[in-house]
Amino acid sequence: MTAMIRTFRAPDARSALAAVKAALGGEAVILGTKEVRSGFFGRAEVEVTAALSHETVTPAPAAAAAVAVKQVTVQPPPALTDEVISLRSTLEQMRHELRTVADNARAGQQLQLPPAAASLFGHLVDRGIEHGLAEELVRLALDGAPTPHPMHLWARVRERVAERLVPSRAPWLPDRRRVIALVGPTGIGKTTTLAKIAARALMESASKVALITVDTYRVGASDQLARYGEIMRVPTFVATTAVELNRAVERCASAELVLIDTAGRSLNEAVAQQAAMVRSIPGVQLYLVLSAATGARELAASAERYRALNPQRLIFTKLDEAAAPGGVLSASIRIGKPVPCLADGQRVPEDLHPTTETGLIDWVLGQWNAVEPALRAVGR
Ligand SMILES: Nc1nc2c(ncn2[C@@H]2O[C@H](COP(=O)(O)OP(=O)(O)O)[C@@H](O)[C@H]2O)c(=O)[nH]1
Ligand SMILES: [Mg+2]
């Protein structure tokens, strides 16, 4: 038995229904009605979708002629379509997640790790930690204890991670005079982070702050910093050469915290040029800013590119957009420098947070409560 589904259009509902009846008879089931318009300016019409389970219909020519009758492909009503689409996407997502979990576990088995270690490996990879690094962490944790308790395994992995993800004092806390330059790729939040640091220094330490930008590369970039400077009522300078930059820093002699904004560069040569300019300031500290929202591979590539600058600190932004935070671990190992703060949103200065050891590690590895059931299940 085949269902016949047809749509009918008429200037109003009454004539559309009349057309349905004339074409399909009184047995027809109305599946949906909606107002349609052809083009942006077309006249509104009523479209009725009706079905009949028997192909026993002979349209009455007169009635059919009164309205446009058109056969269309079988289409469920709109509400149902939405539901189907949403269900389909949920299924796709579940299938993807299952595949990832299975792949990771299989990868762990292929490494011939004991079950709990294989499962821990799968978890680390799920968190976005590179395979090689995840394996190294698990093998180090296994060292000397081939079948350790899952909790000990976990504790050892945390210890290793804690050696590489080290918090440090927030740059806005009171200190001797500092000149800090934020460097890093374009669009990862350097200028925003700089404004956040400046605002917190003003609010929490009542420090005297000055801003300098050498980001004259992008249109409007220096205006962006100047606007922040205006809002916070702090002096803001623009420098395009090393000489101008040094002069600007000298003019900020009374400031306790001088923050220098730079432009992201994609070429190693340009990065080196800019670094040379910033490095010409005596005692300057370079803070590398990287976005946690970029994938592990891109993060690692950025870390590689900026490692030559030998930055003193590492700041991660866009935690709020990071699907898998594990990538920051690889970046942080490559840079090998402490992390004073993390940014998790666009708000200045609310979305900047000093780091604590626990917070930093929990964010990357997840919490034991969440990991425990899986590890315990296989660990026995
Ligand atoms: N979601 C999110 N957006 C951020 C964060 N930090 C900065 N942004 C946004 O990222 C965009 C680029 O920021 P900007 O500071 O101009 O980046 P820059 O090119 O590195 O100086 C802006 O829209 C910021 O509001 C963050 O932690 N989370
Ligand atoms: Mg900028």
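Modeller: On a 1 Å grid over the protein atoms alone, a pocket is an open set of points with protein on both sides within 12 Å along at least five of seven lines, while a cavity is a set where a 1.4 Å probe fits but cannot get out; lining residues have an atom within 4 Å of a point. The model is predicted, so local features need pLDDT of at least 70 and side-chain atom pairs pLDDT 80 or more, while totals for chains, interfaces and linings use all residues. Residues count from 1 along each chain, chains are lettered from A and ligands numbered from 1 as written, and side-chain values use heavy atoms without hydrogens or water.

Biologist: What is the space taken by ligand 1?

Modeller: A molecule sits in a pocket if more than half of its atoms lie within 2 Å of the grid points. The space that ligand 1 takes is the largest pocket.

Biologist: What volume does the largest pocket have?

Modeller: A volume is the space filled by probe spheres set on the points, which are joined across faces, edges and corners. For the largest pocket this comes to about 340 Å³.

Biologist: Which residues that line the largest pocket are the closest to its centre?

Modeller: The lining has 21 residues. Its classes are 2 nonpolar, 12 polar and 7 charged, and H7 gives the most, with 5 residues. Closest to the centre are Gly187, Ile188, Gly189, Thr192 and Lys318.

Biologist: How much of the accessible area of ligand 1 does the protein cover?

Modeller: Polar contacts (here N or O pairs within 3.5 Å) come first. Oxygen atoms of ligand 1 lie 2.8 Å from a polar backbone atom of Gly187, 3.1 Å from a polar side-chain atom of Gln224 and 3.5 Å from a backbone N or O atom of Ala343. Of the 580 Å² that ligand 1 has on its own, the protein covers 84%.

Biologist: Which helix gives the largest share of the shell around ligand 1?

Modeller: The shell has 17 residues, with Gly187, Lys190, Thr191, Thr192 and Asp320 the closest. By class, 3 are nonpolar, 8 polar and 6 charged. The largest share, 3 residues, comes from residues 190-204, helix H7.

Biologist: Which helix gives the largest share of the lining of the largest cavity?

Modeller: The largest cavity has a volume of about 30 Å³. Val183, Val271, Gln274, Ala275, Val278, Tyr306 and Leu309 line the largest cavity, and they divide into 6 nonpolar, 1 polar and no charged. The largest share, 4 residues, belongs to residues 268-279, helix H10.

Biologist: Which peptide bond is cis?

Modeller: Most peptide bonds are trans. Pro349, in the loop between strand S11 (341-343) and strand S12 (352-354), is part of an exception. With omega near 0°, the cis bond runs from Val348 to Pro349.

Biologist: What phi does Gln112 have?

Modeller: Most residues other than glycine have a negative phi. Gln112 sits in the loop between helix H3 (78-110) and helix H4 (115-126). Although Gln112 is not a glycine, its phi is positive, about 55°.

Key: A residue is near a molecule or strand if one of its heavy atoms lies within 4 Å of it. A polar contact is a pair of N or O atoms within 3.5 Å; within protein, one must be able to donate a hydrogen and the other to accept it, and residues adjacent in sequence count only if both atoms are side-chain atoms. Accessible areas come from the Shrake-Rupley method with a 1.4 Å probe; for residues, only the protein chains shown count as cover. Helices (H or I, at least four residues) and strands (E, at least two) are DSSP runs, numbered from the N terminus. Ala, Val, Leu, Ile, Met, Phe, Trp, Tyr, Cys and Pro count as nonpolar, Asp, Glu, Lys and Arg as charged, and the others, Gly among them, as polar.
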